[in-house]
Amino acid sequence: MNIAVDRDKCCGAGQCALLAPEVFDQGEDDGIVILLDPSPAERFHAAVREAVDVCPASAITVDLRP
């Protein structure tokens, strides 16, 4: 799993950081997503997929190819 975020699209809702704090964080000043791990371990994949699904700005993309 390879993850990319579009910081320009991010609205700072923070659902990604709540669902997968090992993979996503938010900037302290603006709340915009910070990608901590673009290729997380398999144990985080379900949380990442949920974060993608709930992101109101569709700012997270996932490539499932290894």
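Helices here are DSSP runs of H or I at least four residues long, and strands are E runs of at least two. With that in hand, open the model, which is a predicted one, and switch to cartoon view.

**Stop 1: the fold.** Colour by secondary structure and you'll find two helices and four strands. Trace the chain from the N terminus and the order reads β-α-β-β-α-β.

**Stop 2: the whole chain.** Select every C-alpha atom. Along the principal axes, they fill a box of roughly 30 × 20 × 15 Å. The radius of gyration is 11 Å, which agrees with the value near 11 Å that a compact globule of 66 residues would have. Now show contacts: of those with a separation of 6 or more, 57% join residues 24 or more positions apart.

Stop 3: Buried residues make up 33% of the 66 in the protein.

**Stop 4: Ser 58.** Zoom in on the loop between α2 (45-54) and β4 (60-63), where Ser 58 lies. What is phi of Ser 58 near? Phi is near 55°, a positive value in a residue other than glycine. Most residues other than glycine have a negative phi. Is Ser 58 buried, exposed or in between? With a relative accessible area of 47%, Ser 58 is partly exposed, because that class runs between the 20% and 50% cut-offs.

Definitions and conventions
Residues are numbered from 1 along each chain as its sequence is written. This is a predicted model: local features need pLDDT of at least 70, side-chain atom pairs count only at pLDDT 80 or more; totals for chains, interfaces and linings use all residues. Side-chain values use heavy atoms; hydrogens and water are left out. The radius of gyration is taken over C-alpha atoms; the globule rule is 2.2 Å times the number of residues to the power 0.38. Buried means under 20% relative accessible area, exposed over 50%, partly exposed in between (1.4 Å probe, protein chains only). Contact means heavy atoms within 4.5 Å.
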